[in-house]
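Here is a quick tour of a predicted model, starting inside and working out to where the chains meet. Have a look at the structure first.

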2 protein chains.
Amino acid sequence: MRIRAVREADAPAVWAIIGPIIRGGAEYALERDMSEADAIAYWYGADRETYVAEVDGEVLGTYYIRPNQPGGGRHVANCGYAVSSAARGRGIARAMCAHSLVRAREAGYRAMQFNFVIATNTRAIALWEGMGFATLARLPGAFVHPAEGEVDALVMYQRLD
Amino acid sequence: MRIRAVREADAPAVWAIIGPIIRGGAEYALERDMSEADAIAYWYGADRETYVAEVDGEVLGTYYIRPNQPGGGRHVANCGYAVSSAARGRGIARAMCAHSLVRAREAGYRAMQFNFVIATNTRAIALWEGMGFATLARLPGAFVHPAEGEVDALVMYQRLD
């Protein structure tokens, strides 16, 4: 597996990963009907660095890292990760998270925070816990899941220094 | 006191309130050097409703209300409030918060969340507690205060239904 900076030419492969997640509406608080162009503009946003994970030259995962807040909150990083539905369970999310923690320290971030981990996404929560994140808060009913209705969202955090 | 929707012509009065707060860098996680135009574009953003509080025809406070998250997080409101430094302690923030809670219920929001209340802003925290907000999390060292260095930020929340 190779993790590298995203390129313009990766946009179709990135959309093939994030499109089904956005349309599904169960993992991210994003508009389910957002256009491909808007989704790519978001994922490649000027406020963030975006990476892809390749296996045998095929893009199977992608993530971004950005300041969680501007101004006085710039020293805390925030990331979003997405893995192709066909490639789950192969350690791609774990590898991207490990990469992001290295990148965050290199970039001088002093902590990393995930603001909105959907409580039904138990595999992700277990993975983030295994990667050193603690749950700082459970936001009650913060997310309307398409199948489950209102479910909680977690604020997860780890210090990097 | 009268609270009404903001108008384009209010922009100088709004900037007179939020400008010193942004430049001070102690109350909001916003870039301290952001331009007046960028600050007004942010405060009047298309994703939010913005109001002003007038006393004897003078704009002394302003606030916005918006969805805290897109997609599955749209049922939770988020607000930002600002009061002229010359008009603090006169109940303007309290009146705007009360107005925002009414407006949130009217608009169908089911909860309100403040994501990043700086822990040194003890007057605001006491006010939000008095208005029914509970602290869901304390984000350790989440904000670099210009005088205090790293200070905590609070996630505050209340259910509306």
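Start with the largest nonpolar core, which has 30 residues; A:Ile65, A:Tyr81, A:Met112, A:Phe114, A:Trp128 and A:Phe133 have the most contacts inside it. Several elements of chain A give two or more residues to this core: strands β2 (49–55), β3 (58–67), β4 (76–83), β5 (111–118) and β7 (149–159), plus helices α3 (92–106) and α4 (122–130). The largest share, 6 residues, comes from α3(A). In general, nonpolar side chains tend to be buried together in soluble globular proteins.

Zoom in on A:Phe114. Leaving aside neighbours within four places in sequence, A:Phe114 touches A:Asn78, A:Cys79, A:Tyr81, A:Trp128, A:Phe133, A:Leu154, A:Val155 and A:Met156. Apart from this core lies another, of 29 residues, with B:Val83, B:Ile92, B:Ala124 and B:Phe133 among them.

| Feature of the chain B–chain A contact | Value |
|---|---|
| Residues from chain B | 27 residues |
| Residues from chain A | 27 residues |
| Salt bridges | 6 salt bridges |
| Polar contacts | 14 residue pairs |

Which strands of chain B supply at least two residues each to the side that touches chain A? They are β5 (111–118), β6 (134–145) and β7 (149–159), and β6(B) gives the largest share, 9 residues. By class, that side of chain B has 14 nonpolar, 7 polar and 6 charged residues.

One salt bridge to click on joins the side chains of B:Glu31 and A:Arg74, at 2.6 Å from N to O.

Terms used
Residues are numbered from 1 along each chain as its sequence is written. Chains are lettered from A and ligands numbered from 1 in the order in which they are written. This is a predicted model: local features need pLDDT of at least 70, side-chain atom pairs count only at pLDDT 80 or more; totals for chains, interfaces and linings use all residues. Side-chain values use heavy atoms; hydrogens and water are left out. Contact means heavy atoms within 4.5 Å. A salt bridge is a side-chain nitrogen of Lys or Arg within 4 Å of a carboxyl oxygen of Asp or Glu. A polar contact is a pair of N or O atoms within 3.5 Å; within protein, one must be able to donate a hydrogen and the other to accept it, and residues adjacent in sequence count only if both atoms are side-chain atoms. Helices (H or I, at least four residues) and strands (E, at least two) are DSSP runs, numbered from the N terminus. Ala, Val, Leu, Ile, Met, Phe, Trp, Tyr, Cys and Pro count as nonpolar, Asp, Glu, Lys and Arg as charged, and the others, Gly among them, as polar. A nonpolar core is a set of buried Ala, Val, Leu, Ile, Met, Phe, Trp, Tyr and Cys residues joined through side-chain atoms within 4.5 Å. Buried means under 20% relative accessible area, exposed over 50%, partly exposed in between (1.4 Å probe, protein chains only).
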